[in-house]
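Hi,

Here is the structure I promised to pass on.

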Amino acid sequence: MNNNNNTATIEYEYPLLERVRTYLRLEHIVHALQPNTPVSQQNFTRYFSALFSVLDLCERSDVRTDVQKDLERRKAQLKIWAEHPDVNQQQLQETMQRVGDALQAIQPMSRVGSNLKQDRLLSAIRQRFAMPGGTCNFDVPQLHFWLHQPQEVRDADTNRWWSELDVLVNGLLLELELMRGQARFQTASAPNGLLQESTEPLSLLRIRVAADLPAYPVISGHKQRFSIRFLRYEPVNGKASYDQNVEFELALCP
């Protein structure tokens, strides 16, 4: 929840491209992973579930190639903007440096997470995390043993595992930051709780709604067309649709 102009709001996002859908899911999982938080007996299930979810997503799609291509497009776009007389050159040069650094780091990478598949502990426990209660100490005694090692031993392992992912994640988060920064929020209206639009190709929709609105947006669409319908959290007389006019803020990210 955000506090915009002293008014509490809730932000929603919806990807209009499949690779952006993957980016947002990875961003969400990394927030749950909390790579800088020491792993203990209290939080290990959250940590390993998130770590294995990152690996699953990276195995299903070539995220590294997608991020590299997107950053290369950003770099070319920034070079064009540099020729505009009104652009903030200092800020532009700083952004170009960040994109260049991210590209330089990501280009020599091989398949993301390939080395983690060879890790004895991770390979032994990964499938167990998909089973209800599969992390009991009789199921995975090696994990139980690891959790009783000194914290510095566990920290060394988690740092080593994270080093396999941080370059990709840093590049991905930079791409999302630049994507979101390309569009400002503008006032929009959904007559009778529904907005449908055709538009230029887009990557991401961002929606900002007043927190006291008793409804939430359900979004569908693709890169050139989208619809936003507001539904009640608690249906009234069995009716879920919110049929009143809704004023909200909308950012269309190319």
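How much space lies in the largest cavity? About 50 Å³. Before the rest, a word on what you are looking at: this is a predicted model, where local features need pLDDT of at least 70, side-chain atom pairs count only at pLDDT 80 or more, and totals for chains, interfaces and linings use all residues. Residues are numbered from 1 along each chain as its sequence is written, and side-chain values use heavy atoms, with hydrogens and water left out.

**The cavity**

The structure holds one cavity of 30 Å³ or more. A cavity here is a set of points, on a 1 Å grid over the protein atoms alone, where a 1.4 Å probe fits but cannot get out. Its volume is the space filled by probe spheres set on the points, which are joined across faces, edges and corners. The lining (residues with an atom within 4 Å of a point) of the largest cavity is made up of L26, E27, V30, V54, C58, L165, L168, V169 and L172. Two or more of these residues come from each of α1 (18-33), α2 (44-60) and α8 (166-181). Helices are DSSP runs of H or I with at least four residues, strands are runs of E with at least two, and both are numbered from the N terminus. By class, the lining has eight nonpolar, no polar and one charged residues. Nonpolar covers Ala, Val, Leu, Ile, Met, Phe, Trp, Tyr, Cys and Pro, charged covers Asp, Glu, Lys and Arg, and the others, Gly among them, are polar.

**Salt bridges**

There are 19 salt bridges, each one a side-chain nitrogen of Lys or Arg within 4 Å of a carboxyl oxygen of Asp or Glu. Take D243 and K239, whose closest N and O atoms are 2.6 Å apart. D243 is partly exposed because its relative accessible area is 34%, and K239, at 45%, is partly exposed too (buried is under 20%, exposed over 50%, partly exposed in between, with a 1.4 Å probe and protein chains only).

E249 and R208 also form a salt bridge, at 3.5 Å from N to O. That pair links distant parts of the chain: E249 sits in strand β9 (residues 246-253) and R208 in strand β5 (residues 204-210), 41 residues apart. Are the two partners buried or partly exposed? R208 has 15% relative accessibility, so R208 counts as buried, while E249, at 21%, counts as partly exposed. Both belong to a network of salt bridges with shared partners, which joins E11, E13, E27, R180, R206, R208 and E249.

Then there is R128 with D139, 3.4 Å between the closest N and O atoms. Both are in the loop between α5 and α6 (141-147), 11 residues apart.

**Aromatic rings**

The count is nine aromatic pairs, meaning rings of Phe, Tyr and Trp (its six-membered ring) with centres within 6.5 Å; planes under 30 degrees apart are stacked, over 60 edge-to-face and the rest tilted. The Y47 and F48 rings have centres 5.1 Å apart and planes at 85°, so this pair is edge-to-face. Y47 and F48 are both buried. Ring pairs also link Y47, F48, F52, F129, W146 and W161 into a cluster.

**One more residue**

D119, in the loop between α4 (89-106) and α5 (120-125), is buried because its relative accessibility is 11%. Leaving aside residues up to four places away in sequence, D119 touches R160 and W161 (contact means heavy atoms within 4.5 Å).

Cheers

Note on methods:
On a 1 Å grid over the protein atoms alone, a cavity is a set of points where a 1.4 Å probe fits but cannot get out, and a pocket is an open set with protein on both sides within 12 Å along at least five of seven lines; lining residues have an atom within 4 Å of a point.
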